[in-house]
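Thanks for coming, everyone. Let me put the sequence and the model on the screen, and then we'll walk through it together.

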Amino acid sequence: MRDQPVTPARHPQHGGRHTPHTPPAPPRFPHFPLAGRAVSLCSRPIIARGAARRAAARPAALCGMRRLRPRPLLWAARGPRRLSSGAAPGMEELLRRSVPPLPPYETKEKAPPPAELRGAEFVRFYRALQPGPPRAELLSRLARDFGVEHGRVAEAAAKVLQAREQRREPGALLQAEDRLRYYLSPQYRGLFQQLGRLEGGLRFLVELRADLMEGLASKAVDGPHVKEMNGVLKNMLSEWFCTGFLNLERVTWQSPCEVLQKISDSEAVHPVRNWVDMKRRVGAYRRCYFFSHCAIPGEPLIVLHVALTSDISSSIQAIVKEVPPLETEDTDKITTAIFYSISLTQQGLQGVELGTHLIKRVVKELQKELPQIETFSTLSPIPGFTKWLVGLLSSQTKEKGRNELFTESEWQEISEITGDPTGNTLKKLLNTNEWVRSEKLSEVLHSPLMRLCAWYLYGEKHRGYALNPVANFHLQNGSVLWRINWMGDTSPRGIGASCGMMVNYRYFLEETASNSALYLGSKQVRASEQVLALVAQFQQNSKL
């Protein structure tokens, strides 16, 4: 990068006189609203009014097991210079220069390494493109024109078959297989490897995959070649982000404000209300950990929040309630660790197995710090339950008088309260969260919603595994579907997503390996007596 010329700077404290250029001020971070004022997160010390006067000036926290909402990464603006779609002709030439050709198998060890400048040029070109169609076009061309050379693959496959048919010595067969494996590697893989060696290249690849996934989701890029490239890049990131390269870091009130801000920005399920709330979430009876990568130090990749309690929590409001943070903790009262939030902060790492390893590492860390903890459990949301339930009601209301979800007495009470025997009103009340305003309706729905939720988590499947993504994640890890909690999350988001219900997945450490193998191999779900009783009620009272 060329050095910029030093120019005189006008300093406001010197009466407007020209002074030598001074280093730029530290970056200003977003302002966090507190007590009606906007206060910079990196200013310290800060004196704020009201209850916030007692809080030091630091940022953020995180909650909620969730899927990442789409966040613009490389699609967003990067720097002042942009290339419009008119730059497309230069795109083809850039790709030819940037993507290293696959040398013949015989000379693969003698091929010179690709020039580092080519990778840097690709990064600059990509970041200068306008968000949207131009970047989508580059990704599509890269996937389509620089994939596997099918002619070479066919020749190598024929040689493998020939070696087997001729029963040649094992060395010849292994070499033929190695040749085939070599030619099955797409050309763009060499570009990704080259970018991964650059300073900041790994971060760029994570952001590039986030763009790729966002493009696939919005259909801006599509087709088998693009999907294949996404899979190749995901597998490469899985190797680069294996546990040996990851560092476990704990977040406290003394952590750098940049780290706390990033963790706060990634939170969407249980929003941080103010600095007092944030201080509590990283203070006494709370733990917050994240994984960072040795090539991206200090950057949270995935974050886990833990509440230290005396029993298994049934309400998220009890964990994130608005009370002053405690300064000290009595370790004699701590017997249980509740994982109430795990969030991936990098959209480009979706599908890379980080959450499982983070939970295992945190368990070991807690066992060292607090050996008296015997119970490990989650308090998890149930995203998608309300949508699933409304879908069933929609199919049921197409035929008047049809009732497959409730008993006759339950349906009669619901119809009397709503004044509608068709179920349309109930469906509308569920969609708008208005049903919780009626104490009578909430009481009538309590029992049927509990058993329907139990079945949704235990019995509804996608390719043989749990339909609910949070359930599937924890069951794969070897947990037990332990307890369904009525009104575990009374926030508007909780009512809207899961009719206010939450679930505990309990980790029996000595059984997680066998439970995981049972679920992944035989697709069997380990569940508690409470859950199994609710499932039995569903099977007895519902006609699905």
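Predicted model: local features only at pLDDT ≥ 70, side-chain atom pairs only at ≥ 80, totals over all residues.

Residues are numbered from 1 along each chain as its sequence is written, and side-chain values use heavy atoms, with hydrogens and water left out.

Let's start with the overall picture. The protein has 20 helices and 13 strands, where helices (H or I, at least four residues) and strands (E, at least two) are DSSP runs numbered from the N terminus. Of its 544 residues, 49% count as buried; buried means under 20% relative accessible area, exposed over 50%, and partly exposed in between, with a 1.4 Å probe and protein chains only. A contact is a pair of heavy atoms within 4.5 Å. Among contacts between residues at least 6 apart in sequence, 77% join residues at least 24 apart.

Now to two pairs of helices. Helix α2, residues 116–128, and helix α3, residues 133–145, pack at an angle of about 140 degrees with their axes 9 Å apart. That makes α2 oblique to α3; under 35 degrees counts as roughly parallel, over 145 as roughly antiparallel, 65 to 115 as roughly perpendicular, and the rest as oblique. From α2 come F122, F125, Y126 and R127, which meet R135, L138 and L139 in α3. Sorted by class, that contact has five nonpolar, no polar and two charged residues. For those classes, Ala, Val, Leu, Ile, Met, Phe, Trp, Tyr, Cys and Pro are nonpolar, Asp, Glu, Lys and Arg are charged, and the others, Gly among them, are polar.

The second pair is α13, residues 385–397, and α16, residues 439–458, whose axes come within 11 Å and cross at roughly 105 degrees. These two helices are therefore roughly perpendicular to each other. F385, W388 and L389 of α13 make the contact with L449, L452, C453, W455 and Y456 of α16. Here the classes come out as eight nonpolar, no polar and no charged residues.

Next, the sheet. In what order do the seven strands of the open sheet run? The order is β5-β6-β7-β8-β9-β13-β12, and the pairing is mixed; two strands pair if DSSP finds at least two bridges between them. β5 (246–250) and β12 stand at the edges with a single partner strand each, so one side of each has no neighbour in the sheet. From one strand to the next, the twist averages 30 degrees.

β6 and β7 (residues 302–309) run antiparallel and are joined by six bridges, and F291 has I302 in β7 as its bridge partner. Helix α17, residues 469–476, packs on the sheet, where it touches β8, β9, β12 and β13, and its direction makes about 10 degrees with that of β13.

Let's stay with β13, residues 502–507, for a moment. How many of its six residues are buried? Six of the six are. In a regular strand the side chains alternate between the two faces of the sheet. In β13, M502, N504 and R506 point one way and V503, Y505 and Y507 the other, and all are buried. On the β9 side (residues 375–378), the pairing is antiparallel over two bridges, with S377 partnered by R506. With β12 (residues 480–485) there are five bridges, again antiparallel, and N485 stands opposite M502.

T336 sits in β8, residues 336–344, and is buried, with a relative accessible area of 3%. Leaving aside residues up to four places away in sequence, T336 touches A307, L308, T309, S310, D311, I312, I373 and T375.

Are they buried or exposed? Y285, between α10 (275–281) and β6 (286–293), counts as buried at 14% relative accessibility. R463, between β10 (461–462) and β11 (465–466), counts as exposed at 72%.

Terms used
Axes fitted to C-alpha atoms, helices over the stretch in contact; angles between N-to-C directions.
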